[in-house]
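Student: I have a structure to read and some questions about it. Can we work through them together?

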Amino acid sequence: MQEVLFTQRSVRKALLSLDVNKSSGPDGVPLIVLKTCAQELAPVLSRLFRYSYSIGVVPNSWKTALVHPIPKKGNRSDPSNYRPIAITSLFSKVMETIINSQLMRYLEDHQLISDRQYGFRRGRSAGDLLGYLTHRWAEVVESKGEALAVSLDIAKAFDRVWHKTLLSKLPSYGLPEKLCNWITSFLADRSIKVVVDGACSDYKSINAGVPQGCVLSPTMFLLHINDMLQTSNIHCYADDSTGDTLYTGRVNISRENVAEYRNKLVSEVETLLNKVSDWGRLNLVQFNPQKTQVCAFTAKKNPFVVSPQFQGTPLVASASIGILGVDISSDVQFHGHLEEKAKMGL
């Protein structure tokens, strides 16, 4: 990859793209000011960004985030029942936008991100992944074959990215040394403070994870998880990971052959899960076997009893599997999901 360029035009474009309806950063500079004064600020900020990039240092004031806890449904006295929303520096976001645009263009042009990754990529969506997987499974079921799928649960995927591992992977993508040094500084010595009703907590240091609320963070996560997709048959929307294996049926297949195929599916899924576990150990990523779902897609009357092992835990097959918020039944239908949504509407 060539060095990142910070032209006045790119800085002005990033400033003009700011959403004035969003909150100001920790420095309190209103977005309307940055957007209105984009023409005047572009020369100054372009010089600042070039200097920060050339020496590989991100200003400390850009590495502090204000976290606003937003309550979910349920008990508000339970601290775990809140969704943290991080507000980060606007100047950092503008610089990250320019870096991320050139970085993603390079990664996509050179096909360096796995084709099985659908998250945070232009021209791809959760609907694309759902459509592909359901078509894949429905086609197998219609051909009298069967498929076995697992939906993996990664514990706090974005918050537990190990910086050392992530940074060690960046040069392998051909990123320039200056960019790698800048990202190293970007991830280091970050801190947050929680804001509730105008009152702020003390600063707390953050030494792991890709920082929430930052433009560059989704791309960093894609690079972090990318090698997991290269070694196993898994499709992802960001951290939402689904693995599968299948066989195509044929007319008049015997019960003995079906049993043999099913055993092979279970074995292949266990191999996939072992590869995932090995990747998790190397990258300090924790998978939760208790929350891992498994489902057999079949139209056969003979029940498919499945219990593959994942990290020593037997996985019990369910009648449906939840992927990207959608429940898909073992006959690749959505009746249960639609009925549940209809009840919520009532």
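Tutor: One point before you ask. This is a predicted model.

Student: In what order do the strands of the open sheet of 4 strands lie?

Tutor: The sheet is open, with 4 strands.

Student: Over how many bridges do β7 and β8 pair?

Tutor: Strand β8 spans residues 240-247. Its pairing with β7 is antiparallel. In that pairing, Tyr 237 stands opposite Asp 240 of β8. The number of bridges between β7 and β8 is 4.

Student: At what angle does helix α9 run to β3?

Tutor: Helix α9 covers residues 255-283. It lies across β3 (146-152), β7 and β8. Its angle to β3 is about 25°.

Student: Now the pockets. Which strand gives the most to the lining of the largest pocket?

Tutor: The largest pocket has a volume of about 1200 Å³. Of its 36 lining residues, those closest to the centre are Arg 83, Pro 84, Lys 156, Asp 159 and Gln 212. The strands β1 (64-71), β2 (82-87), β4 (190-196) and β6 (204-206) each supply at least two lining residues. With 5 residues, the top contributor is β4.

Student: How many residues of that lining of the largest pocket are nonpolar?

Tutor: Sort the lining by class. There are 8 polar and 10 charged residues. The nonpolar count is 18.

Student: Where does the largest share of the lining of the second largest pocket come from?

Tutor: The second largest pocket has a volume of about 910 Å³. It is lined by 26 residues, and Thr 97, Asn 100, Ser 101, Gln 102 and Arg 122 are the closest to its centre. Elements giving two or more lining residues are α1 (8-16), α4 (90-109) and α8 (217-231). The largest share, 10 residues, comes from α4.

Student: And how many charged residues are in the lining of the second largest pocket?

Tutor: Sort by class again. The lining has 9 nonpolar and 9 polar residues. The charged count is 8.

Technical notes
Residues numbered from 1 in each chain as written. Predicted model: local features only at pLDDT ≥ 70, side-chain atom pairs only at ≥ 80, totals over all residues. Heavy atoms only, no water. Pairing = 2+ DSSP bridges. Contact = heavy atoms within 4.5 Å. Axes fitted to C-alpha atoms, helices over the stretch in contact; angles between N-to-C directions. 1 Å grid on protein atoms, 1.4 Å probe; cavity = no way out; pocket = protein on both sides within 12 Å on 5 of 7 lines; lining within 4 Å. Points joined across faces, edges and corners; volume = space filled by probe spheres on them. Nonpolar A, V, L, I, M, F, W, Y, C, P; charged D, E, K, R; others polar.
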